[in-house]
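Welcome! Let us take a walk through this structure together.

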Amino acid sequence: YLLGEDRRAERLRLADRFRILAARYPSEPLGVFDRFAELVEASDSWHAMAVNERVVTLCAKAVADVVSGICVEEKQIALDGAKVDRIVVTPLGASGSIEGALVRLRLRQSPSHRETDLPPAFQSLRGSDPGFRKTLRIAARAAATDDPVLLIGETGVGKELVARAIHQSGARAAGPMVSVNCAALPHDLAEAELFGYAGGAFTGALRQGKSGRFQLADGGTLFLDEVGELPVGIQSKLLRVLEDGVVFPLGSVQPRSIDVRIVAATNRDLMRGITSNVFRRDLYYRLAVIEIELPPLRHRGQDALELLRAFLAATCERLGRRPLKLTASVERCLLNYGWPGNVRELRNLAARLAALIDGDCVQVDDLPAALRDRGVGMAVSVEGSLQQAKEELVRQALDAHGGNVSAAARRLGVDRSTIYRMLRNQ
């Protein structure tokens, strides 16, 4: 009787842990098994797959190996010729003992899903996360129009790469694409840089004058990066150019017609800028005919691993060295890290690892201290308690959403009351 009660309690703990971990891998088929290699709970995508007997048998055997200590950390099984590309089994436990294991089925991506569903210019933008793929499909549809596009996203998410793909996939692909970092424009020279100037327009001006970025982009695309940083005075002139299709170079009264498609980008909340009178409402609606929000890397599931492997392979090839492999512990750190610098930070990490590591395998100690400490600290420890795991996930979700409890609750798939209760008990 006591043994039965103990097993029932273990299964309840595993089911509770499963619901927390399911929020971390929303797009993967997941199953949690008890110490007897019996399925406790599984995700909808697991059941929808109608997992065949061979895969179930392999899952059960891998779980048995993990529970028995044959594999002490994480077991991965590669499959050939199956819909499931890889089975990843991670031990779960409390108070230092292993009670079961989480099984993740990595699906083999078909070429039709990964490549041919997007125009060629978008296919170099790696990532399998469904939300990210949906964003790219929206951008590809926007490329077929000539409407202004506003890309919104944190620093480093790849806004300029998406802007370039939009340009290369549209009717203006044969024309120029000119990029402007609005945050780097000196306020006193912003007008001249954007619209050009006539000879002798100001002290130090070229005698023959100079074309602005709008003229240089004529017939193509003008990418206005960090458009939220433009001074309000320049915003009004930009709005006039967008509405009239002509520019007046500084110091000139002769209008010059331009034919330019605008793609703008920002990491700011422009609606908040409108409220605080630092961004024009009419300009916002002129730029945001098609508004596309690019997800941060921490919201893209397994993409951090996919991208790092790709960056490492390319960097190692360029350096003439063998490709680097990632240990299971390193993978967990990468998946639990918040990536404040997004894809740009990940690319820099690949360059660092390829340049500094002597061996063929990346270990946790090879990671930068900030990533290592943060990643390990947020990981769900086999030896940690279930309550600690919940608290870490809640803190991670709150950090990711700037303390917004409603957004954190949606990410974790729980009620707001659950988070408020946990915060009161800390």
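This is a predicted model: local features need pLDDT of at least 70, side-chain atom pairs count only at pLDDT 80 or more; totals for chains, interfaces and linings use all residues.

Residues are numbered from 1 along each chain as its sequence is written, and side-chain values use heavy atoms, with hydrogens and water left out.

The chain holds 18 helices and 14 strands; these are DSSP runs (helices H or I, at least four residues; strands E, at least two), numbered from the N terminus. Of its 426 residues, 48% are buried, meaning under 20% relative accessible area with a 1.4 Å probe, protein chains only.

Now find helix 12 (residues 303-319) and helix 14 (residues 342-356), whose axes come within 9 Å and cross at roughly 40 degrees. Axes are lines fitted to C-alpha atoms, for helices over the stretch in contact, and angles run from 0 to 180 degrees between N-to-C directions. Helix 12 and helix 14 are therefore oblique to each other: angles under 35 degrees count as roughly parallel, over 145 as roughly antiparallel, 65 to 115 as roughly perpendicular and the rest as oblique. Among the residues that meet are L308 and F311 in helix 12 and L346 and L349 in helix 14; contact means heavy atoms within 4.5 Å.

Helix 12 also packs with helix 13 (residues 328-336), at an angle of about 120 degrees and with the axes 9 Å apart. That angle makes helix 12 oblique to helix 13. Here A304, L305, L308 and R309 of helix 12 touch E331, L334 and L335 of helix 13.

How values were computed
Buried means under 20% relative accessible area, exposed over 50%, partly exposed in between (1.4 Å probe, protein chains only).
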